[in-house]
Amino acid sequence: MALANADIRLSRFNPLPRILAFDDFDDGLHGWCELVGNHNGDLNELQPVFRDMRPAQLSTCTFFDMGTHGAVDGTYSMKLATRPRKFHQAVAIKRLTSAADGLVQFEAWFTYKAEQTFGGDDPGARAWDGNYHPSEAHFGSFTLWNDICEGTTPRDRYHAALRYENTNEEGEFTQRWLYKTGLHPTTRMLREGFDSNQNDVHVAKPDMWAPIPGGDQQLCFNEVPTKVNWHYLRWLFDLSTRRNTELQVNDLTMDLRDIPVLRFEEGYWGINRLLNLCMDVRTTSNVRNFLYMDSVVISADW
Amino acid sequence: MRHSFTAVIEKNATFHEDFETEPYECAWASEARWFIHVAELEGDGAGLSARVQVSPDGLFWCDEGSAFESMSEPGMYSLAVRDFGGWLRLDCGLDGEDARVRLMIYLVLKE
C-alpha cells in the first residue's frame, strides 16, 4: 500500500501486496486480446457465440459533439465495442497462470456507453426530457469474469462471472449486479448435445443469471451518450476457496462469499494453473455498446 | 520501440452483399496496413472491391482516397494507409450474380 500511495497513478487503487499487472491503456493494450473459442484450425468449428468477439481498441473517447474526451489520465482507454445487433457481445481476455492459491484482486476505473443515435425509430423508449436521455436504455450489460483451473482433475475448473445488468433481455431497466447459475457451455459440451441459445458466452439461457443480494445499483451514465464519468471497481476472489470474496463499485460493496461458483464436472487437460481475467459488453438493442477501461490493476496476496 | 497492434476486423465472415467494416479507433497509430484474405469468392462474375474510409467521430464517414485493386479470386490482398485521423473502416462492394465471399480482414497498426 505504501508503494501504491507513493505513485500518483497507483494511488487511486487499493492493490494486494503483489501487483501482477498495472495496465494503463495510455501505452498499449497490455495483453488484453480478443477471446476466440476452441477450433482445430478450421474457424467454422467455432461456436457461433465465439465467432465474433471483436478486437479491443485504444480509444480517445472522441464524440461528434465535443471532440476528444480522453480518460482519467492521459488520452487513451481500452474500449470494447459490440456490433449494432441485439445480443452481440464483445469480449477481451488477459491470460495468466497462478503461482499459488490465494487471493486475486481485479481493480479498474471504467465507464460504459451506448453509441449516439440520431432520431430514428425507437419504439417504447422514454423521450429525452432535458435530463433523462433514451441512450441509457440502449445499453445492455457488462460482465467481469475469470476462467480458473487449479489442475486437471474434475471440478478443478470454474468460471466466476459478475454482470452489471443495465437492461434485461427485453430492454427494460434493471440496473443490478448478477451472478450466473448455469455453466458456460463449452465446445465439448455442445458437441455432446448441450442446448444453448448461443447469444451469451456465459450461459445457455437468460434465466441462468440471479441477482446478487444487495446488488441494486444505479451508476453514473450521465444523461447523454457523449459524457463519460469514470467509476472505481474492485473485485476480489480466492483461489484457495474457489469463491468470490467481494465486489466493490464506488460506494457499494457486496459480500460474495456465499454466492455459488459452478464447477465443471469433467477434468480439463493442459490448462493447469489457468488464471484468465475477462471482461465483456453485451447489447440488448440494435445499438453499439461500449465498455471503456482507463486502467486495470491485477494483484495477489501470494 | 514502436507500439503495434493487429486487429482482426472480420473473422471468417461470409457476405452476400455490400458491407462496411465496423469502426476501428486508430488515433494512436501513424501508419496502417489493411489485409484482406479472400478464402472463397463465388458467383458469376464475382468481384470484391474495398475503399478506405475515415471519420472524425466513428459515426459519419467519407472516402480517404485509396482503394484496393478489384479482387476477383481467392488470395491475400494488402493496402497501406497514412494520415487517417482517428478512425478507419472499409467500404466493401460485392459484384456478380449470386456472389458470395468468405474472408478475413486484418488491420495492422503501428505507432
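Modeller: A residue is called buried under 20% relative accessible area, exposed over 50% and partly exposed in between, using a 1.4 Å probe and protein chains only. This is a predicted model, where local features need pLDDT of at least 70, side-chain atom pairs count only at pLDDT 80 or more, and totals for chains, interfaces and linings use all residues. Residues are numbered from 1 along each chain as its sequence is written, chains are lettered from A and ligands numbered from 1 in the order in which they are written, and side-chain values use heavy atoms, with hydrogens and water left out.

Colleague: OK, how much of chain A counts as buried?
Modeller: Of its 302 residues, 60%.

Colleague: And how many helices and strands does chain A have?
Modeller: Chain A has 2 helices and 18 strands. Those are DSSP runs numbered from the N terminus: helices are H or I with at least four residues, strands are E with at least two.

Colleague: New topic: how many salt bridges are there over all chains?
Modeller: A search of the whole structure finds 32. A salt bridge here is a side-chain nitrogen of Lys or Arg within 4 Å of a carboxyl oxygen of Asp or Glu.

Colleague: Why would side chains pair like that?
Modeller: Side chains of opposite charge can pair when their charged atoms come close.

Colleague: Which residue does A:Arg191 meet in a salt bridge?
Modeller: A:Glu45, at 3.3 Å from N to O. A:Arg191 sits in helix α2 and A:Glu45 in the loop between β2 and β3 of chain A, so the pair ties together parts 146 residues apart in sequence.

Colleague: Are those two buried or exposed?
Modeller: A:Arg191 is exposed at 66% relative accessible area, while A:Glu45 is partly exposed at 33%.

Colleague: What about B:Glu22, which side chain does it meet?
Modeller: B:Glu22 forms a salt bridge with A:Arg83, 4.0 Å from N to O. That pair crosses between chains, going from the loop between β2 and β3 of chain B to the loop between β6 and β7 of chain A. Both B:Glu22 and A:Arg83 are buried.

Colleague: One more within chain B: what does B:Asp63 pair with?
Modeller: B:Arg51, in a salt bridge of 2.6 Å from N to O. B:Asp63 is in strand β5 and B:Arg51 in strand β4 of chain B, so this pair links parts that are 12 residues apart in sequence. B:Asp63 is partly exposed at 40%, and B:Arg51 is partly exposed at 36%.
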